[in-house]
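Here are a few notes to read with the coordinates open.

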Amino acid sequence: MVKVKQMTDVHIIVSIHQLTSGAVTPLVAIATKNTDATTKATVYNSLYDLTNDYGEDTGVYDQAEAMFEADNFKGPVEVIAYPNTDVADPSGVQASGTTDGGTVTASATPGIVTGLAEHLYDGFIYLVLDNASEDQIEAVSDFVYDNQRIMLVTQPSTVADLQKLQTHVLGYQKTKDSLCNTAALVVTTAGNYRAAQAAAYAAANLPVDWQHIGNQTTFAPDADLAMADYDAIAAAGGTTVVNKAGDYMLLNGKALTTNYIDQFVHTQLVVDRFQNALQKYLNRHKFVTYDDTHIKEMTQTLQTTGDDLSALGVLFPLSDGNSVDITSVSRSNTPNSDVVNRSYNGFEIKAQIADDIDTVNMKLDITL
C-alpha cells in the first residue's frame, strides 16, 4: 500500500507525523516499551538492520524474524518504542478542594496509546504488540477502533484470555458503521510468533482472507488444543492453526465481533488509495482551475483508481458492471461559497468490497 506521509488536501487524513527514518512505508509494525518516557519509531528494511537496536534475545527480534520468514514478505517493518510510563492529558486536569487547600488531578493516557497516536498514519496495515499487558492490549484495541485505522493482531496464550478480550471488545465496539479491527490468534506454544508471521503474510499478499493463510514456518496445531477448544475459539471470533487436509491453516478469518479481518483492511485500503490518487493529482498541477475540465479529470482519476482496486480483487464490480459509480457536481451547480473557499465537495463514490468463499457445501448423490 502506498501512503502519503504528510498533510493532505484531500480530507480523509488530516494530521500525519513523520518517521525518524524517512519516507519509507512499512507494511507491519511492532509496538514495544521504550526505556524512557519518549517515543521512538524506526523502519527496518531487513532483520540484520533491526539487530542494531534489538538483539536476538528480544521479543521484537523474535517477532520480526517470524515476519521476514513469511512468504513474499520483504519488509519493511516499523518498530514503535512507546513511552514507558503513562502520559498526563492536559485536557483532563481537574481541581478540587476548599479555601484551606485543594488538589489538582490529571487523567493519564497509557504510554502505548501515546506512542501509537504519533504514528497512526505511518502507512502500516497490521500492528502486533511486544509483551503487552492485558490493560495495554485493551487500550490499544479501543484506540485503533475509535480511529478506524490499523488492524491490531493479538496472540492470546489461552482460550480464556481470548474470551476475556472478546468480552471487552464487544462491550466497547458499538459504534454504528464502524468495523472491528482487533483480531486474535491463539497460540499456546511459548516462543512461537504465529500472529506476527500471519500479519506479515497478509500485508505482503493483498488481497488475502486470513482463513486461507497457511503452511508458514511457524504454523503447526498446538498439541494441547482439542476440538472443543477450536469450537470455543471460533465462537469467540478468534483463530488458531489447525490441520485442514494435511495443510496447517488458520481456523477462520474473522475479527472479534462480526466482520472479517479482510473487510476492515480492504476498506482502509480503498479509502487510502482514493485519497492518495486525488492528492497526487493536485500535486501534479500548478493551478487547478475551478472548472468542469478539472472536475472531469479528477473524476477520471477516481475511476482509474476504482478500476485498479477491482483488478486487484479488493472491489467487486457493481450491478452496472463498473468498478465504482462516481457522481460529481458541475461548476455551475457548485455553491459560490465553495468556490470562494477553494473547496470542492461534489464527489460521491459508491463501491462494493469483494467477498470471499470460506466454506463449500455440496450435495453428492452416489449410486451403488
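**Notes on helix packing, a pocket and the loops**

1. Let me start with a helix pair: α5 and α7 cross in a left-handed sense. Please keep in mind that this is a predicted model. The contact involves Val159, Leu162, Gln163 and Gln166 on the α5 side, and Asp229, Ala232, Ile233 and Ala235 on the α7 side. By class, five of these residues are nonpolar, two are polar and one is charged.

2. The geometry of that pair is worth a look. The angle between α5 and helix α7 (residues 227-235) is about 15°, and their axes lie 10 Å apart. Because angles under 35 degrees count as roughly parallel, α5 is roughly parallel to α7.

3. A second pair has another geometry to inspect. Helix α2 (residues 59-68) packs on α6 at an angle of about 40°, with 8 Å between the axes. The two helices, α2 and α6, are therefore oblique to each other. Is their crossing left-handed or right-handed? For α2 and α6 it is right-handed.

4. If you want to display the α2 and α6 contact, select Gln63, Ala66 and Met67 from α2, together with Ala196, Gln197 and Ala200 from α6.

5. Now to the second largest pocket, which holds about 660 Å³ of space. Two or more lining residues come from each of β6 (126-129), α4 (134-147), β7 (151-154), α5 (159-172) and α6 (194-204).

6. Which residues lie nearest the centre of the second largest pocket? They are Ala132, Ile137, Gln155, Pro156 and Ser157, out of 27 lining residues. The lining of the second largest pocket is made up of twelve nonpolar, ten polar and five charged residues.

7. Some backbone details may matter to you when you look at the loops. The peptide bond from glycine 75 to proline 76 is cis, with omega near 0°. Proline 76 is in the loop between α2 and β3 (77-82). That loop between α2 and β3 also contains asparagine 72, whose phi is positive, near 70°, in a residue other than glycine.

8. Another cis peptide bond links leucine 206 to proline 207, with omega at about -10°. You will find proline 207 in the loop between α6 and α7.

Methods: Residues are numbered from 1 along each chain as its sequence is written. This is a predicted model: local features need pLDDT of at least 70, side-chain atom pairs count only at pLDDT 80 or more; totals for chains, interfaces and linings use all residues. Side-chain values use heavy atoms; hydrogens and water are left out. On a 1 Å grid over the protein atoms alone, a cavity is a set of points where a 1.4 Å probe fits but cannot get out, and a pocket is an open set with protein on both sides within 12 Å along at least five of seven lines; lining residues have an atom within 4 Å of a point. Grid points are joined across faces, edges and corners, and a volume is the space filled by probe spheres set on the points. Helices (H or I, at least four residues) and strands (E, at least two) are DSSP runs, numbered from the N terminus. Ala, Val, Leu, Ile, Met, Phe, Trp, Tyr, Cys and Pro count as nonpolar, Asp, Glu, Lys and Arg as charged, and the others, Gly among them, as polar. Axes are lines fitted to C-alpha atoms, for helices over the stretch in contact, and angles run from 0 to 180 degrees between N-to-C directions. Angles under 35 degrees count as roughly parallel, over 145 as roughly antiparallel, 65 to 115 as roughly perpendicular and the rest as oblique. A crossing is left-handed if the near helix is turned anticlockwise from the far one by less than a right angle, and right-handed if clockwise. Contact means heavy atoms within 4.5 Å.
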